[in-house]
Amino acid sequence: MMKKLAVWMLILCLPAVGAAEIAVKGDAQNDGTNQIVRFTAEAVEEADEKQDEAEMSEEEQLAQQTLLLKVNGMLDMRFSQSKAAELYERAQRQSGGQLVIRQIPHGYSDEKVASLALVWEGEHPDGSHGCKPYSLALNLETGDEIATVDALFGEPEAAVAAMEAIIERDYLEDMNTYIEVAELLPLPRDCFSFDEVGLTVYYGDERYRTFDGQSGYVTFYWYELAQYIGEESPVYALSRQQPADAETIRAAEGFFGEHRLLGLGEPLGKAMEAYGLTDEADYTANSILYPLELPELRGCFVEIPKYAETETEDTPISAVRHTRVSWHGLTTGTTTREEIEALLGEPEKTMVYDEDDAADMMLEPGESLLYTCSNFVLEAHLDEQQVLSCVILRTEMPE
């Protein structure tokens, strides 16, 4: 018997027809081992005071129903939802909690675009087994599919070349021992999703597989791709950087994005549980440094003191650093010292790192500008070319 443990909704805001809009509901069913997600599109009435006065014409009703049929058909076909339900039902008839099918969803939507993806583990519609990704991106102004990553870029070949260079720099050179297969190049272009963070490209397990059988994916931050995205792109608005804002920086809490559990003062154990932090920590002169292995957190690290008196899992995070970030006007690899000082003023303190000092602190040789903010000390670390290399949030001013 199916047991529903979670129900969630993505409001896709398909083009409004008359007094209604279209929503896609994702119904997740989970028995603790197996999981499926069924996407369905439906009409949702707008919460508007004038709604009662506005009645849909027959033409508008027909257009809406046509759109619903189109979207539901695309969802059913792309994600093989009937077959997935059959596989899940089979799992419920079996004893022992064996894995038959597990789908991990990814989703984003706004008034113009929607992006859905499933990483599907177990048995697939064609009878094969393994871990494979499936995706569907929609232009919500037309209802049409965005079929490949090329459609996102004004210069697709240049964009793909840039992404492949990032893969070589940030992924292939740092692949750890938990990866069984890592054939990441050339970049696949037809299975992807996007959200506020950036563009994610998915691989089948025949090309990118961990030793536990999971297929992999790579995320590119929007700031790394923005120069290739023109105003006509369906992701143009998403790809624009946050505006430079000194007040927002100074008043920010001690974490990047929405990742509170990776924030200053949080017990390391909570971050480990939520984000699967690697046990292969690195060491600076005075801290233990844990890299984030999730592709959407590429370049992010958390630190705890090296000689803390508490158990490792109970030790509060003392610093969060990011080497691949665009944060309220601070963009690694781009922002210069002059721009930082124009934004934040003269630093309260500066620290110079020669090659030995930098190696001890796992930074590039260069100089750090330090500012006391409301909830942390900001360390903006520059490379030898005086360009921002790393943004660090600390609980206290370093000595």
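Modeller: Helices (H or I, at least four residues) and strands (E, at least two) are DSSP runs, numbered from the N terminus. This is a predicted model, where local features need pLDDT of at least 70, side-chain atom pairs count only at pLDDT 80 or more, and totals for chains, interfaces and linings use all residues. Residues are numbered from 1 along each chain as its sequence is written, and side-chain values use heavy atoms, leaving out hydrogens and water.

Colleague: Which residue just after α7 takes a positive phi?

Modeller: Helix α7 spans residues 268-275. Just after α7 comes a positive phi of about 60°, taken by G276.

Colleague: Within what arc do the buried residues of α7 fall?

Modeller: Buried means under 20% relative accessible area (exposed is over 50%, partly exposed in between; 1.4 Å probe, protein chains only). In α7, the buried residues are L268, G269, A271, M272 and Y275. Seen down the axis, they line one face of the helix, because the directions from the axis to their C-beta atoms fall within an arc of 160°.

Colleague: Which strands do those buried residues pack against?

Modeller: Let's look for contact, meaning heavy atoms within 4.5 Å. The buried residues of α7 pack against β14 (287-291) and β15 (300-305).

Colleague: Which residue in β12 stands opposite V201?

Modeller: Strand β10 (residues 198-202) pairs with β12 in the antiparallel sense, over five bridges. Opposite V201 stands V218.

Terms used
Pairing = 2+ DSSP bridges.
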